[in-house]
Amino acid sequence: MSLLENIRRNANLYEESVAYHYEGPNGCQKELTWRQVDDYSDIIAEYLEKTLTTKKPIIVYGHKDPFMVICFLACAKSGRAHCPIDLFLQEQRVQSITELVEPELVFNMSEKSYPAEAKTVLGMDWLEQQIKAPKKKTCFEGMREEEPFYIIFTSGSTGKPKGVQITRGYFDHFLAGKMNTERGIDSSRRHVFINEVPFSFTFCAEDLYLSLYSGGSVWAIDRALFSNVKALTEIMVRSGGTILPATPSFFKLCLADEAFSEISFRSLERIMFCGEVLSNHLVQQVRERFPNVEIINTYGATEMIAATDIVITDEIERKCHPLPVGWMRPGMRVIVADEYGKEVPEGEKGEIIIAGRGLTAGAGYFKRKDLTEKKFQDWVIQGNRYRVYHTGDAGYMKDGCLFYGGRLDTQIKLNGFRIELEDIENNLMKIEGLEQVAVVPRYKADQVKSLTAYIVYKGMEEDPPHYIKKKAQEYLPEYMIPKKIKIVSSLPLVNNGKVDRKLLSENENV
């Protein structure tokens, strides 16, 4: 059964039960019932069908407002992909995405003006008026399996955002594979999923969409509340949340409050870690605070969502350093291969390549045929044809379980975000006075903790590091701005004339 079919079914089953709850600053709370989710998205979908003349993707701008969910589903029902853009993303990147998508319509579900030129921008006032109209149509064709359900823009090596397309068929296969399995969701009960990541982060599939698919409810917490850890704990306790998908960095933030424990947060049953390396030390801290909570480690990519997962038992935590990232999920295959695409023996490191059921030619990168052909290929595995994705991650298999071994290129993960270092460098070079830039990650226990930029600067500012950090805010989101700026007279080079990044990285990680 597809996501849209399940939503229709859940709306009929749960009617006035809460499907989505939002917690914002200054005590702001908003909710949608299951009936509202289905009816409102029907009304907006009907408007889109009647009004729009193309099938271009629709941008949905905002931060966790319930009406964003309505817009996402309306897009799908009308056969159009949606592009979620978080309002915390800096203005220039919003402009770059808008120029690339060329949307016929933008939904602005925030109180601030949309920071880019667009043909038509519709806001919350418009949507609130629109949903008052009676619903006429109840059946929508939606989209074909090979068409993109959503497009998420990530960091790109050209200095411009890169749009990752997830097709409807693959997304439905992913959600179906999460149900009624050993590590999946029990469909016989309604879970409360806590949402901490923005909708422009692919892991929202593990809370927002899994909840919509399974008939649960979502408690979405505004990022502005993260600065008050005690208030954050109070919200999660009040939510009655049973499942918490979270990055390790977010969980460490929560641990700063001693009240964040099983004593007060009794409803929590499962923590699903994603986006970063899960350390043995953090698992030990979780065990101390939540001795009876199930800990699941996951691995995936924006291009494939999550491909593996595993329950981290006490025995696994004691025996495995580093921790495994999991067993293959239903409908997934994981291959560890050498540079020629040949599968390597168990225990030997190679590139992680993922094959997924439902992965079609529609998967790939928006308006980037060259990159799609490079990263997505058709393989025959044991007599069956699969479409596979080259992750660029290193890893190895042990006893049939996958272990993550870092990046093979300049793309890294920091605080749950996938970042291409060349993207940062290309944007920093827009700052006047910069002649050369090399950005390297700083590691701690095989995990990226921060970024350092080595810069050849010929400008006139008295305090170059402060000036560069301030100017960088015009071109980069906060999480991509290097923590340290080191001014150097020149960058070291290797024999072929390229910057010696290995030497810089060794200097940074002594």
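In which hand does H1 pass H2? The crossing is left-handed, a word used if the near helix is turned anticlockwise from the far one by less than a right angle, with right-handed used if clockwise. Keep in mind that this is a predicted model, where local features need pLDDT of at least 70, side-chain atom pairs count only at pLDDT 80 or more, and totals for chains, interfaces and linings use all residues. Residues are numbered from 1 along each chain as its sequence is written, and side-chain values use heavy atoms, leaving out hydrogens and water. Helices (H or I, at least four residues) and strands (E, at least two) are DSSP runs, numbered from the N terminus.

**Helix H1 and its partners**

- Helix H1 covers residues 3-14 and helix H2 covers residues 34-51; the two pack at an angle of about 135°, with axes 7 Å apart. Axes here are lines fitted to C-alpha atoms, for helices over the stretch in contact, and angles run from 0 to 180 degrees between N-to-C directions.
- That angle makes H1 oblique to H2. Angles under 35 degrees count as roughly parallel, over 145 as roughly antiparallel, 65 to 115 as roughly perpendicular, and the rest as oblique.
- On the H1 side, the residues in contact (heavy atoms within 4.5 Å) are Ile-7, Arg-8, Asn-10, Ala-11, Asn-12 and Tyr-14. They meet Trp-34, Arg-35, Val-37, Asp-38 and Asp-42 of H2.
- Sorted by class, the contact of H1 with H2 has 5 nonpolar, 2 polar and 4 charged residues. Ala, Val, Leu, Ile, Met, Phe, Trp, Tyr, Cys and Pro count as nonpolar, Asp, Glu, Lys and Arg as charged, and the others, Gly among them, as polar.
- H1 also crosses H3, at roughly 120°, and their axes come within 11 Å. These two helices are therefore oblique to each other, and their crossing is left-handed.
- Leu-4, Ile-7 and Arg-8 of H1 make this contact with Leu-73, Ala-76 and Lys-77 of H3.

- Two strands pair if DSSP finds at least two bridges between them.
- S25 (residues 447-457) and S26 run parallel and are joined by 4 bridges.

- Lys-470 is found in helix H14 and is exposed, with a relative accessible area of 56%. The cut-offs are under 20% relative accessible area for buried, over 50% for exposed, and partly exposed in between (1.4 Å probe, protein chains only).
- Lys-470 and Ile-481 sit 11 residues apart along the chain, and their C-alpha atoms are separated by 9.5 Å.
- H13 is mostly covered, with 6 of its 8 residues buried: Leu-421, Asp-423, Ile-424, Glu-425, Asn-427 and Leu-428.

**Strands S12 and S13**

- S12 (residues 270-273) runs parallel to S13, and 4 bridges join the two. Phe-273 stands opposite Asn-297 in S13.
- S13 (residues 294-301) has 7 of its 8 residues buried, so this strand is largely enclosed by the rest of the structure.

**Backbone spots in the loops**

- Lys-64 has a positive phi of about 70° although it is not a glycine. Lys-64 is found in the loop between strand S3 (58-62) and helix H3 (66-77), and counts as buried at 1% relative accessibility.
- Glu-102, also not a glycine, has a positive phi near 50°. Glu-102 is found in the loop between helix H4 (91-101) and strand S5 (106-109), and is partly exposed, with a relative accessible area of 45%.
- From His-321 to Pro-322 the peptide bond is cis, with omega near 5°. Pro-322 is found in the loop between helix H11 (314-319) and strand S15 (327-328).
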